Amino acid sequence: MFVGLAAAAQAQPASQAAKPDVSNIQISQPEPGNKLTGSIHGVVVDREGTVCEGAHIALVQADAAPSAPRTAISDSEGRFVYGDVPAGAFQLTVSSDGFSAQVVSGLLRPGESYEAQPVVLLVTTAASEVEVNASRQEIAQEQLTEQEHQRVLGLIPNFFVSYAPDAPALTPKQKFQLAWKSSIDPMTLLSAGISAAMEQANNDHKSWGQGTAGFTKRYAANYGDDFIGTMIGSAILPSLLKQDPRYFYMGTGSKRSRVFYAIESSVMSRSDKGKWQPNYSGIAASFAGAGISNFYYPAADRHGMTLTFENILIGKATGAAQNIFQEFFIRKLTPRIPDYGSQKP
């Protein structure tokens, strides 16, 4: 017993000495350079590669607690940057007016500067349809190009007639384009020459004499009358008064209704908004042309107000006859007119 007690007394201090002292041990903390966040940046472009300024970007962390997404807006170079983003899976939703939203997913590692692939925005279908429906100016230009090829018997210009139903109004630029095209047409130049030759044969405007000098003056006067009348009556005043200088072919209905329509169109004009109103442009152009012609016609041949009114009335009657001829005959004599479907000759 004494021997056992002695052995036990000696063993207890040894076991106590073997037990470690943990009171002075400190738990290690993460080093300052071992960051648990990073940054995400990228660029937004369209299908042609043009940068998109003002696009909206929403950042959502997949592993984070549910919260409102962080938002950003692309700058003038199409770039966006998110700083101090916790590491982990994330999702970017990129949107902009007129474009379909795009979603980009990725994984951000601690301390990483994540460069997202360029986000390409595509035009939405709805935006494309709006663009097509808004292009009435382009439709008018296409129809105008077709009008500029309209020639009776393939020779005589028939530019100021529209055979298209519900044709869109011309812009001021297109009105000037049509008037200029008519004024420089070879048949217009030839017509002025024929009129000058007839006047010279009848010795009209005697003070201009005969020979080359007389013919040149008569030719310049005839072409000047046509050029001034066309530019003022078909371009300048219609642009200012917002009226369409063309004759709109009816093509349907009874013969009587078409005759009355043709006569009415000689004194009425369609506005750019599609409403019918008195043809102020044509009437004012007649007075303006008569006044300007006094500068280059001999004093003895200048028109007084009475003769001017008579010429205007004659011109309107002639215009009515031309419209009737347009309504019933000229289309049949004009080749290569597009088939617009709803109208028949």
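**Briefing: helix packing, sheet and salt bridges**

Helices α3 and α4 lie roughly parallel to each other. The reason is their crossing angle of roughly 5°, since angles under 35 degrees count as roughly parallel. The model described here is predicted. Besides this helix pair, the points below cover the contact of α4 with α6, an open sheet of four strands and a salt bridge between E115 and R79.

**Helices α3 and α4**
- Helix α3 spans residues 136–147 and helix α4 spans residues 172–183; their axes come within 11 Å.
- On the α3 side, the contact is made by Q137, A140, Q141, L144 and Q147.
- These residues meet Q174, Q177 and L178 of α4.
- By class, the contact of α3 with α4 comprises three nonpolar and five polar residues, with no charged residue.

**Helices α4 and α6**
- The axis of α4 also comes within 8 Å of the axis of helix α6 (residues 211–241), and the two cross at roughly 170°.
- Because this angle is over 145 degrees, α4 is roughly antiparallel to α6.
- The crossing of α4 with α6 is right-handed.
- From α4, the residues in contact are P172, K175, F176, A179, W180 and S183.
- Their counterparts in α6 are Y223, F227, T230, M231, S234, A235, I236, P238 and S239.
- The contact of α4 with α6 divides into ten nonpolar residues, four polar residues and one charged residue.

**The open sheet**

**Salt bridges**
- Six salt bridges are found across the whole structure.
- One of the salt bridges joins the side chains of E115 and R79, with an N to O distance of 3.4 Å.
- E115 belongs to strand β7 (residues 113–115) and R79 to strand β4 (residues 79–86), so this pair ties together parts of the chain that are 36 residues apart in sequence.
- In general, side chains of opposite charge can pair when their charged atoms come close.

Technical notes
Residues are numbered from 1 along each chain as its sequence is written. This is a predicted model: local features need pLDDT of at least 70, side-chain atom pairs count only at pLDDT 80 or more; totals for chains, interfaces and linings use all residues. Side-chain values use heavy atoms; hydrogens and water are left out. Two strands pair if DSSP finds at least two bridges between them. Axes are lines fitted to C-alpha atoms, for helices over the stretch in contact, and angles run from 0 to 180 degrees between N-to-C directions. Angles under 35 degrees count as roughly parallel, over 145 as roughly antiparallel, 65 to 115 as roughly perpendicular and the rest as oblique. Contact means heavy atoms within 4.5 Å. Ala, Val, Leu, Ile, Met, Phe, Trp, Tyr, Cys and Pro count as nonpolar, Asp, Glu, Lys and Arg as charged, and the others, Gly among them, as polar. A crossing is left-handed if the near helix is turned anticlockwise from the far one by less than a right angle, and right-handed if clockwise. A salt bridge is a side-chain nitrogen of Lys or Arg within 4 Å of a carboxyl oxygen of Asp or Glu.
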